[in-house]
Amino acid sequence: AGTRFDVAIVGGGIIGLSIGWKLRKRGLSVAVFERDVVGSGATRAATGMLAATAEVEAGEDDLLPLTLASQELWPAFARELEDVSGLSVDYKAEGTMVVALGREEVDRLRFRHDLQKRLGLNTEWLSGSSAREREPGLRPNVSGAILCEQDHQVDARKVAAALAEAFKRAGGVLFENTPVVSLERSGGRITGLSTATETYSAGTVVLAAGAWSPELVPEISLPVRPLRGQSLALRMDPRMPALTHVIWTEQIHMAPKGDNRLIIGATVEERGFDKVNTAGGVFALLEAARRVLPSMEELAIDEIWAGFRPTSLDDAPIFGEAGIDGLVLATGHHRNGILLAPVSARAIEHLILDGRMDGPETGFTFQRFGKNSSRL
Ligand code: FAD
């Protein structure tokens, strides 16, 4: 007991670890507290797409400056992370291909492409045949596609492992298998946190506990909930033409990884913290994959899993102060937490060291959910 850190971070997912690494590099004493092992929450479940442009939806353009800013930070973030940790994060820059089958899907895809162009995004329309030239495994009736060349990918599990290593090598203190049971309060401020056996004081506590974040701060009704995603991985082999791009359809995405796994994801389900894989969920993923990639039928199933996106009321992340001194929020990343890790670390670094955020992250405070807000 009695140990003090400048910053204590609750949650060893990609967000907590990225923030911890960044702050430690700026010279603060930092501890990350993880209930299980690093990356075992949503981070473990993620496909690892850094897909700012393929993801863009009408009405979601508020988020675009933030996702684009983070996408730009990723190549240098990955390089430094690999250098410092000595571990690969499987960064792949082939891009994402969004494909359509049949007239109706092609019409909707054209609409998406028009939206991307209006937003100034650099994407390319492909005919069905040029899509199949680039990806010979696609079914012959794929009749149109958008190529999003700057939408890259990483292996989210490898990123978590590399971040943990980089954080420790920088002198950060990592507690695994150490649930935080409560935040310490004194005179209306958060002064530290307690585990089952110890109390630690901290200048600032950063809450980065993903979908579980609200549990520790009942007094502020943090609008974050778990949104279940089921995914699976197949083992690629020569019976299927090699895939190079991440392939998107209206139903699913398929991401070929460096270790020959093909991740197929993901369902989007309001089921609380019920961590099961359902017959219907897995069936829907496989059926949608076979529709575009017929030869996947022969591939071995490597793994099936489910995870919980930390989803806020408006599907956008929440950075910064929560109206309680000593507490900083970094949660609510929904389906974009891998993409948004570098910009999230930057946001919290600026807030803690300079007293204010800068750039597009300033639009994503907790205060936007206030009483008179249109977002509620
Ligand atoms: P988490 O990874 O959930 O980490 C929170 C951590 O806090 C957990 O490890 C948990 O054990 C720990 N914790 C909780 N409570 C406590 C406590 N009391 N004490 C100590 N520790 C605690 N995003 C993308 O950008 N690209 C993708 O391709 C992508 N694909 C996805 C696919 C699926 C199926 C899912 C579910 C999500 C996907 N996401 C994707 C979203 C992304 O996974 C999340 O936004 C991101 O992982 C959130 O990171 P986090 O660190 O906030 O949360």
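This is a predicted model: local features need pLDDT of at least 70, side-chain atom pairs count only at pLDDT 80 or more; totals for chains, interfaces and linings use all residues.

## Helix α3 against helix α6

Let us look at α3 (residues 64-85) and α6 (residues 156-169), whose axes come within 9 Å and cross at roughly 60 degrees. That angle is why α3 counts as oblique to α6. The crossing of α3 past α6 is left-handed.

On the α3 side, the contact is formed by Trp74, Phe77, Leu81, Val84 and Ser85. Their partners in α6 are Val159, Ala162, Leu163, Glu165, Ala166 and Arg169. Sorted by class, the residues where α3 meets α6 are eight nonpolar, one polar and two charged.

## Helix α1 and its two partners

Helix α1 meets α3 with axes that come within 13 Å and cross at roughly 75 degrees. This angle makes α1 roughly perpendicular to α3, since the range for that description is 65 to 115 degrees. Ser18, Trp21 and Lys25 of α1 make the contact with Phe77, Glu80, Leu81 and Val84 of α3. By class, four of the residues between α1 and α3 are nonpolar, one is polar and two are charged.

The other partner is α8, which packs with α1 at an angle of about 50 degrees, the axes being 8 Å apart. The two helices α1 and α8 are therefore oblique to each other, and α1 passes α8 in a right-handed crossing. From α1 come Ile14, Ile15, Ser18, Ile19, Lys22 and Leu23, which meet Ala341, Ser344, Ala345, Ile348, Glu349, Ile352 and Leu353 of α8. The contact of α1 with α8 has nine nonpolar, two polar and two charged residues. Ser18 takes part here and also in the contact of α1 with α3.

## The loop between β18 and α8

Asparagine 336 sits in the loop between β18 and α8. Is asparagine 336 buried or exposed? Its relative accessibility is 6%, so asparagine 336 counts as buried. Leaving aside neighbours within four places in sequence, asparagine 336 is in contact with Glu55 and Leu63. Alanine 46 is 290 residues away from asparagine 336 in sequence, yet their C-alpha atoms are 9.2 Å apart in space.

Histidine 334 lies in the loop between β18 and α8 too. With a relative accessibility of 12%, histidine 334 counts as buried. Although not a glycine, histidine 334 has a positive phi of about 50 degrees.

## Other backbone points

Most residues other than glycine have a negative phi, and most peptide bonds are trans. Aspartate 315 has a positive phi, near 65 degrees. This residue, aspartate 315, lies in the loop between β16 (300-312) and β17 (318-321), and its relative accessible area of 27% makes it partly exposed.

Where is there a cis peptide bond? The bond from glycine 265 to alanine 266 is cis, with omega near -10 degrees. Alanine 266 is placed in the loop between β15 (261-265) and α7 (279-292).

## Arginine 132 in helix α5

Our last stop is arginine 132, found in helix α5 (residues 128-134). At 24% relative accessibility, arginine 132 counts as partly exposed. Not counting residues up to four places away in sequence, arginine 132 touches Leu138, Arg139, Pro140, Asn141 and Val142. Serine 143 is eleven residues from arginine 132 in sequence, and the C-alpha atoms of the two are 9.3 Å apart.

Methods. Residues are numbered from 1 along each chain as its sequence is written. Side-chain values use heavy atoms; hydrogens and water are left out. Axes are lines fitted to C-alpha atoms, for helices over the stretch in contact, and angles run from 0 to 180 degrees between N-to-C directions. Helices (H or I, at least four residues) and strands (E, at least two) are DSSP runs, numbered from the N terminus. Angles under 35 degrees count as roughly parallel, over 145 as roughly antiparallel, 65 to 115 as roughly perpendicular and the rest as oblique. A crossing is left-handed if the near helix is turned anticlockwise from the far one by less than a right angle, and right-handed if clockwise. Contact means heavy atoms within 4.5 Å. Ala, Val, Leu, Ile, Met, Phe, Trp, Tyr, Cys and Pro count as nonpolar, Asp, Glu, Lys and Arg as charged, and the others, Gly among them, as polar. Buried means under 20% relative accessible area, exposed over 50%, partly exposed in between (1.4 Å probe, protein chains only).
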